[in-house]
Amino acid sequence: MSTILITGASSGLGAEMARQFAARGHDLALCARRTERLDELRAEILAARPDARVVVKALDVTDHDAVFRVFEEFRDELGGLDRVIVNAGLGKGQPLGTGRFDANRETAETNFIGALAQTEAAAQIFRAQNAGHLVMVSSFSALRGMPKNITTYAASKAAVAHLAEGFRADVHGTPIKVTVLYPGYIVSEMSGTSARTPLMSSTEKGVRAMVEAIEKEKASARVPAWPWAPLGFVVKHVPVGVLRRMS
């Protein structure tokens, strides 16, 4: 059993990770902007597992001072943090040069600068503890520059993957571990119209693959493994024209 902090836990992948980790006996620190959903999730988890410790707090990851404060409050209330899952993110975006810098900037600031604040806050706690497990939720789209509406999103997810890998190099040889996840299409609020693709996994199935990779402390994982592990090779090597048609 460990204590797990999950950001962006009010819905989608974050909420389902909370359910599945709680079912495995872990205690939870859950944060997101929408506290009413967090309260509902906490009540749901406690109804299924009354002995669980589930602490919830409001957090907007673009409020960087709040990120450090909330992480430290969770640590103090729960007596430490064993694992931090950097999951909060934003999926909006528009093709470059189409007059929507505002949408692309918001995605970049949330997904990268917000993730940087979360990683810094987690890393400080882990260094002080000399133990911990950082989990960065990147995206399959991070494997290569992507066209159309996901150009900025994919770039931000590539950036956070490199951020986590750099921290892994820093703490190599210590008890601190780092996992980078590259989820494929998994049903969530962020997936939007992508829910129509035949490659889409259910939330429960997709998150189960994520949770299993996290529990095994894998350095990186494309999840679910089928079909995203082999598709990763394809996406990295197809010509640009083919990539555009695939997107």
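This is a predicted model: local features need pLDDT of at least 70, side-chain atom pairs count only at pLDDT 80 or more; totals for chains, interfaces and linings use all residues.
View 1. Residues are numbered from 1 along each chain as its sequence is written, and side-chain values use heavy atoms, with hydrogens and water left out. Strands β2 (residues 27-32) and β3 (residues 54-58) pair in the parallel sense over five bridges; pairing requires that DSSP find at least two bridges between two strands. Helices (H or I, at least four residues) and strands (E, at least two) are DSSP runs, numbered from the N terminus.

**View 2. The contact of helices α3 and α4.** Helix α3 (residues 64-78) packs against α4 at an angle of about 35°, and their axes are 9 Å apart. Axes are lines fitted to C-alpha atoms, for helices over the stretch in contact, and angles run from 0 to 180 degrees between N-to-C directions. Contact means heavy atoms within 4.5 Å. Among the α3 residues that meet α4 are His64, Phe68 and Arg75; α4 contributes residues including Ile113, Ala117 and Gln129.

**View 3. Gly91 in the loop between β4 and α4.** Gly91 is located between β4 (83-86) and α4 (101-129). Its relative accessible area is 36%, so Gly91 is partly exposed (buried means under 20%, exposed over 50%, partly exposed in between; 1.4 Å probe, protein chains only). The C-alpha atoms of Gly91 and Ile150 are 7.8 Å apart, although 59 residues separate the two along the chain.
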